[in-house]
Amino acid sequence: MSAAQWRHAMNAGAGRLAMGRRAPAPAATVRVPGATPAERRYLSLLAHIKARHVVVLLFVLAYPMFATPFLTYQIGAQSLALGLIVLSLTFLGGSGGMISLAQMSVAGVAGYMLAIFGSSGEPAISFGWPWWVAATIAVVIAIAAGTAVGWLSVRTEGIYTIMITLAVGVAFYHLCLQNYSIFNGFQGFQRVYAPTILGINFRDPMPFYYLALGCALGGYFLVKYVLRSPFGIALEGIRNNARRMNALGFAVTAHRVAAYAFAALLAAIGGLLFTWYNGLITPNSVGTSWLINVLIIAILGGLRHPIGPFIGAIVFVLLQNFAIDLIDRERFNLVIGGVFLAIVLFSPDGLIGIWATVKSKLITQRGGKS
Amino acid sequence: MNGRKALVGALSIAVAGALSGAAFAQQPPIKIGLLATLEGPFAAGGADGMRGAELALKQKNGMAGGRQIVIIKASSDAKPDVAVNATRKLVEQDKVDIMVGPLSGGEGIAVKEYSKTQPTITFINGSSGAQATTLVDPSPNFFRFNTEGAQWMVGLGKATLAKGYKRAMVIAEDYAFPYSQVQGFMSEYCRLGGKVPVKAWVPLGGKDYSSVIARIPKDVDALVVVLGGADAVNFLNQYEAAGGDKPLVGGSITVSQDILNYKGKRRDSLVGTIAGAPIADAYDAPEFKAFVADYQKNYPVSAGGYPSPSLFALVYYINMKAALDGLDAVNGDLSGGQAKYREALAKMTLKTPVGDVKLDGNRQAIGTTFITEVVKDAQGNLFNKVLSKVDGVDQLLGMKKEDFKIGSRDEPSCP
C-alpha cells in the first residue's frame with residue numbers, strides 16, 4: 001500500500017463525520033406469490049412511490065400553467081439549472097466525501113465550449129457549429145476537465161481537497177479573464193442563446209422551463225440510480241473506510257476519479273442550461289463568488305439526498321430576487337446572510353434535515369401514543 | 001396560458017368599462033424601474049447614481065406628464081447576468097413601464113440585448129459606457145442620454161500635445177471601458193502626431209504594478225493612466241516608491257476626489273495632471289451650479305452624500321431627467337407600445353446641467369466633454385479646473401463610419 005493510500009485510510013473517518021451518515025434505504029420488498037421477476041421489480045418500484053412524490057412531480061409539471069413567465073423562467077428554470085450544477089457537488093460531497101469547489105468551473109467549461117463551438121456575439125472566435133454538435137463537444141470537454149480535476153485532487157483529503165479544487169477554480173477564472181484568443185477576456189461571450197428545435201424556441205420561458213425540468217429530473221433519477229448501483233455503494237464504502245475497501249480489492253482512486261467524471265456530466269449539463277438561461281458566459285460566471293455560492297446552495301439544501309440541491313437552489317434564487325423587497329435596499333444582503341446563518345445553525349443537514357427532523361418527531365409521537 | 005390571458009383580458013375590459021368615467025381623472029402612477037450597483041466594486045458609485053436619479057424626480061415633485069411617478073429600485077453587482085436578472089424582475093414581475101439602468105459597461109450590453117425581448121418597454125441607460133451598447137446591433141427601445149468612454153476623452157489628445165508631451169505610454173485596465181477611453185484619447189493624439197510606443201493592459205483590481213513600472217521607457221514624456229479608484233491609488237503609491245517622475249494624463253475616473261486627497265509625497269506632482277470627463281466639479285455654468293447646490297441640499301455629507309455630485313450622480317440624473325422630460329412631452333401617454341413616447345425621446349433636445357444633449361440614429365447621446373487640469377487652491381487643496389470644453393461630441397468621434405473601429409487592446413495604434 002502506497003503512502004497516499006495509507007493517508008486515505010487514516011483520514012477516511014473525517015469525511016464520514018463531516019457528511020453525516022446516509023441512512024441505508026429500507027429494503028422494501030413486496031412479496032406477491034406467483035409474480036414473475038419483472039412484475040415483482042415493478043411492484044417493488046411502485047411501493048417506493050409515496051403521495052409526496054406524486055404531489056411534487058405534478059406541481060413541477062403544472063407549474064408554468066399558473067405561474068407568470070417571470071416566475072417560470074427566472075425562479076423556476078434558474079433554480080433547476082443551478083440545482084443540477086449543485087447536484088454534482090452534493091453527489092461528490094454526500095456520497096464520495098469529497099467537497100469540490102471546482103464544480104462551477106466544470107459547468108463554466110461546458111458553457112464556454114458551447115459559446116466557442118456554437119454561435120455567440122463574437123463571430124471572430126465562435127465556430128458557429130450547430131447547437132447539438134457544440135453541446136456534445138462541450139459536455140465531453142467538461143467531463144474531461146472534471147475528470148482531470150478529480151485525478152489531481154483525489155490524492156488529497158478533506159480541507160486539502162477543498163483548497164486544491166478552489167485553486168483550480170480560481171486559476172480557471174483568471175485564465176478566462178486574461179486569455180483573449182480563446183476565452184475573450186473580461187467580456188466573455190454574449191448572445192449564447194438556446195436553440196430553436198422543431199419550431200419551439202427554447203429561449204421562451206415555458207419551453208426552457210421544461211427543458212431544464214427534463215434535465216433536472218434526468219439528473220435526479222440518474223443520481224438515485226447510481227447511488228443504488230454497485231458503483232454507488234462501493235463509493236459510499238470508500239467514503240466511510242477507504243482502507244478497508246482497498247483491502248477488499250476495490251480500486252479506491254479509480255472509483256473516486258469515476259465519481260468526479262460522473263459529477264462532471266451533471267455539472268456540464270447544468271452549465272449548458274445556465275449559460276442558455278443567462279444568454280451569456282463571462283469570467284464572472286466562474287468567479288470565486290459563484291464557486292462559493294454553489295457550496296452555499298448545497299449546504300442550504302442539504303447533502304444527504306439528491307433533492308437537497310434543488311430545494312437549496314429555490315431558496316437561494318427566491319432570496320436573491322425578493323430579499324430587496326423585504327428590507328431597505330442597502331441592507332438586503334443582510335437578509336440573505338441571516339437566512340443562511342439560521343438554516344445552518346438550526347439544521348446542520350440543511351433544509352432536508354429540517355424535514356427529516358420533523359418527520360422523525362411525528363413518528364416518535366405517534367409511536368408513544370399507541 | 002391563452003385561456004388565462006383571454007380571461008384576464010375580458011376581466012380588464014369589463015373593469016375598464018365600469019370605471020371609465022371615474023378612472024380617467026385618476027390615472028394609475030407610472031412605474032419606473034431603477035437599477036444601479038449597490039453591491040460589489042461600484043457600490044458607492046451606484047448609491048450616488050440612485051441619488052442623482054431620485055433628485056431628478058424630486059425636482060419635478062414626483063410628477064411627470066401629469067401623472068404620478070413611482071420608482072422601484074433594484075441592485076446588481078456590476079456583473080451582466082446579475083443585471084439582467086434584476087432587470088427582468090423589474091420588467092416582468094414588478095411591471096415597470098420604463099427602465100433606467102444599469103451602471104457599468106458589460107451590464108449595459110447585456111441589458112440592451114434583453115431589451116429586444118421586451119419591445120413594449122422603454123429602456124434608458126443608467127451610466128454604462130461601453131461603445132458596443134449602441135454601436136453594435138443597437139436595440140430600437142434602448143436609449144442612452146449620456147456620452148460614453150471614448151467621447152469623454154475627446155479633446156484630451158490635443159491638450160496633451162499642447163503640454164508638450166509628444167510620446168506617451170498608456171497604462172489601463174484590461175476591459176471594455178478603458179479600451180474605449182484609450183481609443184478616445186489615442187485616435188486624436190495619434191492623428192495630431194503623438195506617439196504611443198507602449199500600452200500596458202493590467203487586470204482590473206490588480207495590486208502589483210512593479211512589472212508595469214519597470215516597462216516604462218525612458219524616452220516617453222507622460223503616462224496616460226486609465227485606472228479607477230483603488231487601482232489608481234495603488235499605482236500612484238508604487239510609482240512614487242519606484243522614484244518615478246513622469247507627468248500624468250488621466251482617464252475620466254482616474255483623477256477623482258479620492259486621488260486628489262492622496263497624501264503621498266508626490267501629491268504636488270499631481271498638479272498639472274490633465275484629464276477628460278463628462279463632469280467637472282469647478283464648471284461655472286449657472287445650470288451646473290444650481291444642480292450641485294440642489295444635490296448638496298438634498299444629500300448633505302452628513303446624510304451620506306458626497307461633497308460634490310459624482311460622475312454617476314450626474315449621469316443617472318441626466319438619464320432619469322430624459323425619461324421624465326419625455327413623459328412631459330407626451331403628457332404621460334404610453335399607449336400603443338409606448339411608440340409616441342419613444343418618438344419624443346428620439347427627437348428631444350435634453351437640457352442638462354452640462355449643456356444640451358441630442359440623440360443620434362442609434363439613440364446615443366451627442367454631448368459635451370470637459371478637459372480638466374489639477375490645480376492647487378489657496379488652502380493647498382487640489383481640485384480640477386476646467387481647461388476647455390468640447391461641445392457636440394458624437395460617438396464616432398467625428399470620424400466617418402467606414403473609418404471607425406471600436407476600441408480594443410490593439411486598436412488604435414501608433415507606436
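**Entry 1: A:Ser100**

I began with A:Ser100 and looked up what it touches once its neighbours within four places in sequence are left aside, and I found contacts with A:Leu89, A:Leu92, A:Thr165 and A:Tyr260. I note here that I am working with a predicted model. I then asked where A:Ser100 is placed, and found this residue in the loop between helix H4 (69–96) and helix H5 (103–117) of chain A.

Is A:Ser100 buried or exposed? Its relative accessibility is 1%, and because buried means under 20% relative accessible area, I wrote A:Ser100 down as buried.

I also followed the side chain of A:Ser100 to its polar partners. This side chain reaches the backbone nitrogen of A:Ala102 at 3.2 Å, and it makes a polar contact with the side chain of A:Gln103 at 3.1 Å.

**Entry 2: A:Leu266**

Next I turned to A:Leu266, which I located in helix H11 of chain A, a helix that covers residues 252–278. With a relative accessible area of 4%, A:Leu266 is buried.

Which residues does A:Leu266 touch, not counting residues up to four places away in sequence? I listed A:Leu84, A:Leu87, A:Ser88, A:Gly219 and A:Val223. I also checked A:Leu266 against A:Ala142, and noted that the two are 124 residues apart along the chain, while their C-alpha atoms are separated by 9.9 Å.

**Entry 3: where chain B meets chain A**

I then moved to the interface and recorded that 32 residues of chain B are in contact with 35 residues of chain A. I had learned that the size of an interface is often given as the accessible area lost when the parts come together. For chain B and chain A, the area buried between them is about 2800 Å², and 53% of it lies on carbon and sulfur atoms.

How many salt bridges does the rule find across the interface of chain B and chain A? The rule finds two, and I looked up a salt bridge in which the side chains of A:Arg191 and B:Glu113 meet, at 3.3 Å from N to O.

The largest share, eight residues, comes from H3(B). Sorted by kind, the residues on this side of chain B divide into 14 nonpolar, five polar and 13 charged.

Technical notes
Residues are numbered from 1 along each chain as its sequence is written. Chains are lettered from A and ligands numbered from 1 in the order in which they are written. This is a predicted model: local features need pLDDT of at least 70, side-chain atom pairs count only at pLDDT 80 or more; totals for chains, interfaces and linings use all residues. Side-chain values use heavy atoms; hydrogens and water are left out. Contact means heavy atoms within 4.5 Å. Buried area is the accessible area (1.4 Å probe) that two parts lose on being put together, summed over both. A salt bridge is a side-chain nitrogen of Lys or Arg within 4 Å of a carboxyl oxygen of Asp or Glu. Helices (H or I, at least four residues) and strands (E, at least two) are DSSP runs, numbered from the N terminus. Ala, Val, Leu, Ile, Met, Phe, Trp, Tyr, Cys and Pro count as nonpolar, Asp, Glu, Lys and Arg as charged, and the others, Gly among them, as polar. Buried means under 20% relative accessible area, exposed over 50%, partly exposed in between (1.4 Å probe, protein chains only). A polar contact is a pair of N or O atoms within 3.5 Å; within protein, one must be able to donate a hydrogen and the other to accept it, and residues adjacent in sequence count only if both atoms are side-chain atoms.
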